[in-house]
Amino acid sequence: MAPNAINRSKMGVKKKTKKLMRMRRANKRKQLGLNVVERDESQYTPSILKKTRTNPRANIKLSAKKQRLLATQLRHQQADDASLEAMEADEEPAGTQEGQKKSTKKLKSESMEVE
C-alpha cells in the first residue's frame, strides 16, 4: 500500500470526472442538434425573441389573449406607417416647388453679379 493512500485528497479525481461528464453532455448535444422552432418575428415581442435567442429549445408560448393584442398592435402600427407615408408623399411636391423657386432666385443673383 502507498503511504499516503488513506488521507489523500480526492478533489483532483472529482474534477476530472466532472469535466468528462461535461464534455460528454456537450458532444451529445452536438450530435443530436437543436430542435429550433421557426418563429414569425412580427407575431412576437422583442423580449420573447430575445429569450428564444438565448435558449432556442425553450418552450415559450403566448396565450391567445396576448396573440390577439399583438395582432391589433401590429395592425395599428401598419396603419400609422401608411398614414405617415401618405403625408410625406403629399408634402414632397410642395417641397420641390419651393426648391425650384429658390433656384431661380439664385440664378437671378448670379446673373447680376456676372454683368
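I take helices (H or I, at least four residues) and strands (E, at least two) as DSSP runs, numbered from the N terminus. The model is predicted, and residues are numbered from 1 along each chain as its sequence is written. Local features need pLDDT of at least 70, side-chain atom pairs count only at pLDDT 80 or more, totals for chains, interfaces and linings use all residues, and side-chain values use heavy atoms, with hydrogens and water left out.

**Whole chain.** I looked up the secondary structure and found three helices and zero strands, in the order α-α-α along the sequence. I then checked burial (buried is under 20% relative accessible area, exposed over 50%, partly exposed in between; 1.4 Å probe, protein chains only). Of the chain's 115 residues, 6% count as buried. By the Shrake-Rupley method with a 1.4 Å probe, the chain exposes about 11200 Å², with carbon and sulfur atoms supplying 54% of it.

**Helix H1.** I noted that H1 covers residues 11–32, 22 residues, and spans 32 Å from its first C-alpha to its last. That is close to the expected 32 Å, taken as 1.5 Å times one less than the number of residues. The number of buried residues in H1 is zero, so the helix lies largely in the open. Gly33 follows H1 and has a positive phi, near 80 degrees.

**Positive patch.** I looked for charged patches (over 30% relative accessible area, no salt bridge, like charges joined within 9 Å). A salt bridge here is a side-chain nitrogen of Lys or Arg within 4 Å of a carboxyl oxygen of Asp or Glu. Arg8, Lys10, Lys14, Lys18, Lys19, Arg22, Arg25, Arg29 and Arg57 form a surface patch of positive charge. I picked out Arg22, which lies in helix H1; Arg22 counts as exposed because its relative accessibility is 51%.

**Negative patch.** I found Asp80, Asp81, Glu85, Glu88, Asp90 and Glu91 in a negative surface patch. Asp80 sits in helix H3, and at 47% relative accessibility Asp80 counts as partly exposed.

**Loop between H2 and H3.** I placed Ile60 in the loop between helix H2 (46–54) and helix H3 (64–114). Ile60 counts as buried because its relative accessibility is 17%. Its C-alpha is 7.6 Å from that of Ile48, twelve residues apart along the chain.

Definitions and conventions. Patches are made of residues with over 30% relative accessible area and no salt bridge: like charges are joined within 9 Å, nonpolar side chains (Val, Leu, Ile, Met, Phe, Trp, Tyr) within 5 Å. Lys and Arg count as positive and Asp and Glu as negative; His and the chain ends are not counted. The place of a charge is taken as NZ of Lys, CZ of Arg, CG of Asp or CD of Glu.
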